[in-house]
Amino acid sequence: MAVQASTPIELINRVYATLDERVGAARTRFGRALTLAEKVLVNHLDSPDQELVRGESYVDLRPDRVAMQDATAQMAWLQFMTAGLDEVQVPTTTHCDHLIQARKDGKTDLLTAIDTNEEVYDFLETVSARYGGGFWKPGSGIIHQVVLEQYAFPGGMMIGTDSHTPNAGGLGMVAIGVGGADAVDVMTGFPWNVKWPELIGVHLTGQLSGWAAPKDVILKVAEILTVKGGTGAIVEYFGEGANSISCTGKGTICNMGAEIGATTSLFAYDDAMARYLKSTGREAVADAANAVAHHLRADDEVLADPRDHFDQVIEIDLNTLTPHINGPHTPDLAREVKDLGAEAVANGWPLEISAALIGSCTNSSYEDITRAASIAREAAAKGLTARTKLMITPGSEQVRATIERDGLLAEFEALGATVLANACGPCIGQWDRSDERKPGIPNVIVTSYNRNFPKRNDGDAATLAFVTSPETVMALALAGRIDFDPINGTLVNDAGEEVSLSTPVGIELPPAGFDPGEDTFVAPPADGRTVEVKVSPTSDRLQLLEPFPAWDGRDYADLPILVKAQGKFTTDHISMAGPWLKYRGHLENISGNLYLGAVSAYNEGLVGMGKNQLTGERQSFPEMAKAYHEAGQPWVVIGDENMGEGSSREHAAMEPRFRGGLVAIARSFARIHETNLKKQGMLPLTFADPADYDRIGEDDRITVRNLADLAPSSQVTVEVTTPDGETWSFLANHTFSDDQIEWFRAGSALNLIRRRTA
């Protein structure tokens, strides 16, 4: 299957050719009009006769393509290699964006990364060539920006091994973040299994103006829904306000929908998307979409009576929306920018900004950069300079080449900004600050990124990260403080004069068109069977996989608790990134970070440490997991609310499974993490009574009864035995379907695939 540097129009036409029949049949079946999300989903059903009950039914879907970034692609490809196939069955691409660390500047850091990560890049390039995948070299750009530029199309469906895959919803695509095992399902030609989503409608009226930006829309939605309010749902934006936002602005909103737990987010096809498609050289795609435009939006009846068609409707008036800034430590803690200073004083947060960062997959479009550059340009003219370290991250090689050609990078560099590589960098912890400050000292950074958990950006829990729009980041960089109101405040220039900032001005698309820059795409050969996949048996970064053992048919009995986490238990707490990214292709080595960030519910909130039940000693969680593994002692992990919030990284499920974890019990799970646990053969359960979480002691033992009777919609009995021999039990819920129970029994979903492809 030839993979091109853009989605072939033939593939798109095949998708559009079935819309009339399948959408019409769905209207008849439901007896009502359809939302856009429903139209795209029914057009990608593996079988039209599946049960479709929102929030309940599991369905099989056929995505059009798969995209993976280099950190997650390693484990996904390693799993695919065991499936016994010669070629991927759907278009698949790998994008090298996560392993480039920000230290000095873009050119230097890219060369360092190519040298440091040579064996990983060689593996990814050769495995892509061997099995028919497209390969985007390091320096190409962030996966989501490249997908928007090259592969996304209205009405399409894709899955990607990164939680911010929904960025493609800015082009009307149902794009969903998944773990690598989900991607392998699709790559091997099997359908993708997911729960039929609930639907949240966001009705946008009015039009953004002044300092308000698309980023402020999602910051406001995050405040309303919180980090778990979108779980199990697709968020669909509609209304006159939606039509007034640019395509890349829509992408910003959809991208950060991952922070509310949404399955994905999307906008209807409109003129802004058509303009973007044409500007990025995809006129044929725009023409094809125009021909079926009536199917690429919600039906008129939905727009007239949205509350009859969505499970929840949120109303936002863009005319009154003001600049927001969210954080620290969670992306849903929101307030208007003008109010941050007073809140910082009340909470004892530093007012000085230690670094300001513009870019990331969320906000690195041409429009984003031009709005921030307009402020930089005015600042230079008025004698202002940045009062803090300022860094700019272009989202792709195409964006970088274009903004350099148009003089925009020079506007930032005139203020002393550093231009980083076309990569994720500080957004995902790939930021070396060792030469500028000591860790452990409270400091504030402001970013246009999407995620701001503790340690997320620089590995330092003392860093307080706030997310906002690029233009607001630029204004705060000029002030050097977070108690500055860009709209009403004034700054003192080099001459001692008070000056104010004008409203930022952006340009939606480059008037001279995009400059593609360096050609960084490598297409696979016509026949890759002779390509040797490069994996050294002595490598400490790549390790071939062994299948996980199948369930032995017995109940899980007398299991110790490795960790009972209190509060936030995100994928960053479970399997942190930063320096550990280098081991993403080596399951044993990366397991050295297992639960290092977990806050123990015992021992007065000790981080990353617990009690080894075999020895009675205090150990780090990864050391304890290794000791249990080597002793053949399986174990349980217990989480609080929304366990696994954050990234799609399946390492947060593979590591505990590798180290002997059998059961995860939580008050609630984030969607991707729960699925990843199931895929790897673990048993994720939720407390039927959340208060039972509080009753479990550090030295208790856990037994899970009647596993042979595990069935959809059933409850599971969990027994707890205290150190003095007393026993009590509680009921736990699960979300396994019949098919997913087979994953559990087989030991993993991949074990089933191996059987079917043997």
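Helix α4 is mostly covered, with 11 of its 12 residues buried; buried means under 20% relative accessible area, exposed over 50%, and partly exposed in between (1.4 Å probe, protein chains only). The model is predicted, with local features needing pLDDT of at least 70 and side-chain atom pairs counting only at pLDDT 80 or more, while totals for chains, interfaces and linings use all residues. Residues are numbered from 1 along each chain as its sequence is written, and side-chain values use heavy atoms, with hydrogens and water left out. Helices (H or I, at least four residues) and strands (E, at least two) are DSSP runs numbered from the N terminus.

**Helices**

- Helix α4 covers residues 70-81 and reaches 16 Å from its first C-alpha to its last, close to the 16 Å expected at 1.5 Å a residue; the expected span is 1.5 Å times one less than the number of residues.
- The buried residues of α4 include Asp70, Met75, Trp77, Leu78 and Phe80.
- Helix α11 (residues 247-255) is largely enclosed by the rest of the structure, because nine of its nine residues are buried.
- Among the buried residues of α11 are Cys247, Lys250, Ile253, Cys254 and Asn255.
- Helix α24 (residues 671-679) also has nine of nine residues buried, so the rest of the structure largely encloses it.
- Charged side chains are represented in that buried set, including Arg671, Glu674, Lys678 and Lys679.
- Glycine 681, with a positive phi near 90°, follows α24.

**Largest pocket**

- The largest pocket holds about 660 Å³ of space. On a 1 Å grid over the protein atoms alone, a pocket is an open set of points with protein on both sides within 12 Å along at least five of seven lines, whereas a cavity is a set of points where a 1.4 Å probe fits but cannot get out; lining residues have an atom within 4 Å of a point. Grid points are joined across faces, edges and corners, and the volume is the space filled by probe spheres set on the points.
- Its lining comprises 26 residues, and Lys107, Leu110, Glu397, Arg400 and Asn422 lie nearest the centre of the pocket.
- Helices α5 (106-116), α6 (118-131), α17 (397-405) and α18 (408-413) each supply at least two lining residues, and α5 gives the most, with five.
- The lining has 11 nonpolar, four polar and 11 charged residues. Ala, Val, Leu, Ile, Met, Phe, Trp, Tyr, Cys and Pro count as nonpolar, Asp, Glu, Lys and Arg as charged, and the others, Gly among them, as polar.

**Buried residues and their surroundings**

- Isoleucine 100 is found in the loop between β3 (92-95) and α5 and is buried, at 2% relative accessible area.
- Beyond four places in sequence, isoleucine 100 is in contact (heavy atoms within 4.5 Å) with residues including Asp109, Leu110, Tyr121, Pro138 and Gln430.
- Isoleucine 100 and leucine 111 are 11 residues apart in sequence and 9.1 Å apart, C-alpha to C-alpha.
- Histidine 144, in helix α7 (residues 143-150), counts as buried at 6% relative accessibility.
- The side chain of histidine 144 reaches the backbone oxygen of histidine 164 at 3.5 Å.
- Histidine 144 also touches Asp162, Asn255 and Cys361, among others, not counting residues up to four places away in sequence.
- Alanine 286, in helix α13 (residues 283-291), is buried with a relative accessible area of 0%. Outside four places in sequence, alanine 286 touches Tyr269, Ala274, Leu277 and Lys278.

**The loop between β17 and β18**

- Aspartate 458 lies between β17 (443-447) and β18 (463-467) and counts as buried at 16% relative accessibility.
- The side chain of aspartate 458 makes a polar contact with the side chain of threonine 463 at 2.7 Å and reaches the backbone nitrogen of aspartate 460 at 3.0 Å. A polar contact is a pair of N or O atoms within 3.5 Å; within protein, one must be able to donate a hydrogen and the other to accept it, and residues adjacent in sequence count only if both atoms are side-chain atoms.
- Lysine 455, in this loop, has a positive phi of about 75° although it is not a glycine, and is partly exposed at 35%.

**Backbone geometry**

- Most residues other than glycine have a negative phi, and most peptide bonds are trans.
- Asparagine 603 has a positive phi of about 60°.
- Glycine 327 and proline 328 are joined by a cis peptide bond, with omega about 0°.
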